[in-house]
Amino acid sequence: MERSYVAVRVNSALNSYRNEQLANLSPVEVIHKLYGVAIQAIKKNDQQLANRAINELIAGLNFEHREIALSLYKLYQYSKHCLRQGKPADAMEVLEELRSAWVEAFKL
């Protein structure tokens, strides 16, 4: 069996496993995971991935609970602003605090 063929099959199996794993997460776990993705992306200087994760967090806001949704929206926008301004540490600080609060609130 050719080595590249094996690598493709392994990657395909890993992607299927990851997709299945994500599909089985609760909404609370998905948000926790998105915080993690954003923070890791910032650590790896991957601004595009960080912004995508933050955009997903924004998309998940429930504006039926207007006050908290607006507060989170402003913090997410501030994080994106910090990334655009070349201040990833500031964005990471906000996201890490939000993730910690999320963990504490939902006992993750």
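Asn45 sits in the loop between helix H2 (27-43) and H3. The model described here is predicted. In this model, the phi angle of Asn45 is near 60°. That value is positive, and Asn45 is a residue other than glycine. Is Asn45 buried or exposed? Its relative accessibility is 66%, so Asn45 counts as exposed, because the exposed class begins over 50%.

The chain has five helices and zero strands. Read along the sequence, the pattern is α-α-α-α-α. Confidence was examined next. The mean pLDDT of the chain is 91. A value of 70 or more is reached by 98% of the residues. H1 has the lowest mean pLDDT, at 75. Helix H4 (residues 66-84) has the highest, at 97.

The overall dimensions were then computed. The C-alpha atoms of the chain fill a box of roughly 55 × 30 × 20 Å along the principal axes. The radius of gyration of the chain is 16 Å. A compact globule of 108 residues would have a value near 13 Å. The accessible surface of the chain comes to about 7900 Å². Carbon and sulfur atoms account for 52% of that surface. Of the 108 residues in the chain, 25% are buried. Contacts along the chain were also sorted by separation. Among contacts with a separation of 6 or more, 49% join residues 24 or more positions apart.

Helix H1 spans residues 3-23 and contains Val6. The relative accessibility of Val6 is 33%, so this residue counts as partly exposed. Val6 also belongs to a nonpolar surface patch. Which residues make this patch? Tyr5, Val6 and Val10 do, and the patch covers about 250 Å².

Glu29 lies in helix H2. Its relative accessible area is 34%, so Glu29 is partly exposed. Glu29 and Val103 are 74 residues apart along the chain. Their C-alpha atoms, however, are separated by 9.5 Å.

Helix H3 holds Asn51. Is Asn51 buried or exposed? Asn51 has a relative accessible area of 16% and is therefore buried, because the buried class lies under 20%. Which residues does Asn51 touch, leaving aside its neighbours within four places in sequence? Asn51 is in contact with Lys80 and Leu83.

Leu61 is in the loop between helix H3 (47-59) and H4. Leu61 has a relative accessible area of 15%, so this residue is buried.

Technical notes. Residues numbered from 1 in each chain as written. Predicted model: local features only at pLDDT ≥ 70, side-chain atom pairs only at ≥ 80, totals over all residues. Heavy atoms only, no water. Patch = residues over 30% accessible without salt bridge, like charges linked within 9 Å, V, L, I, M, F, W, Y side chains within 5 Å. Areas by Shrake-Rupley, 256 points an atom, 1.4 Å probe, with all protein chains shown as cover. Salt bridge = Lys/Arg side-chain N within 4 Å of Asp/Glu carboxyl O. Helix = DSSP H or I, 4+ residues; strand = E, 2+ residues; numbered from the N terminus. Buried < 20%, exposed > 50% of the residue type's maximum accessible area, 1.4 Å probe, protein only. pLDDT = per-residue confidence, 0-100. Rg over C-alpha atoms; globule rule 2.2 N^0.38 Å. Contact = heavy atoms within 4.5 Å.
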